Amino acid sequence: MNVVRFFMENQGFELTGEHLWLVGWSTLFAMLIGIPLGILIAHRRQVNKPVLALANIVQTIPSLALFGFLLPMPWLGERADRLAILALTLYALLPIIRNTYAGIRGVDAAVIEAGRAMGMTGSQLLFQVEVPLALSVILSGIRIAIVVSVGLATIAAAVGAGGLGEFIFRGLAMVDNRVILAGAIPSAILALLADFGVGWVERRLKPR
């Protein structure tokens, strides 16, 4: 109960809003970049390995180190939230690219051939056949990206970007479990809600 009271009396809802803002914008940017890239590498196999390799390399960089690498950049360093959004976007790319690629490649070749036989153009096949059939797999990648971003967004507080990580870092400095839990519990709840919500949409859109 002390944790709940501390959360409510110390701008907990405001920090939660900041957390959601960071996750929301980074996920949106990751989708705008990752989905087209996934479609591209599904149709052009020669760029498959370089794109996936680059996205995998980003995943291997520790989050604090990535924030440190981006900090000296002129436009980003002026605003911690910009820096955090870019870092979270980079981390969210791999699951979105990989699942988009898997979804598009998983469309039955016979269905595509039937579309071509009906006189459909390449863009019509993509938007009316491939993407709708791959949508549940793409959403699965987005779900993973959101859950990962919710957890990683707590690290953004280390560079002053706000969010629920403020409580966690403050609690670590004070050696106070109550303060740590005030940031960790809401972050975990947000991740679970995102996982359940997007998972529900994914199941609804899964081809039968």
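Visitor: How far apart are the end C-alpha atoms of helix α2 (residues 12-43)?
Guide: This is a predicted model, in which local features need a pLDDT of at least 70 and side-chain atom pairs count only at pLDDT 80 or more, while totals for chains, interfaces and linings use all residues. Helices are DSSP runs of H or I with at least four residues, numbered from the N terminus, and strands are runs of E with at least two. The expected span of a helix is 1.5 Å times one less than its number of residues. Because α2 has 32 residues, it should span 46 Å, and the separation of its end C-alpha atoms agrees, at 46 Å.

Visitor: At which residue does α2 bend by about 25°?
Guide: Residues are numbered from 1 along each chain as its sequence is written, and side-chain values use heavy atoms, with hydrogens and water left out. The bend at a residue is the angle between axes fitted to the seven residues ending there and the seven starting there. In α2 an angle of about 25° is found at M31.

Visitor: Is S26 buried or exposed?
Guide: S26 lies in helix α2, and, leaving aside neighbours within four places in sequence, S26 is in contact (heavy atoms within 4.5 Å) with I85, L88, T89 and S149. Buried means under 20% relative accessible area, exposed over 50%, and partly exposed in between, with a 1.4 Å probe and protein chains only. Because its relative accessible area is 0%, S26 is buried.

Visitor: Which helix has the lowest mean pLDDT?
Guide: The predictor's confidence in each residue, pLDDT, runs from 0 to 100. The protein averages 87, and 96% of the residues score at least 70. Among its elements, α2 has the highest mean, 92, and the lowest, 62, belongs to helix α5.
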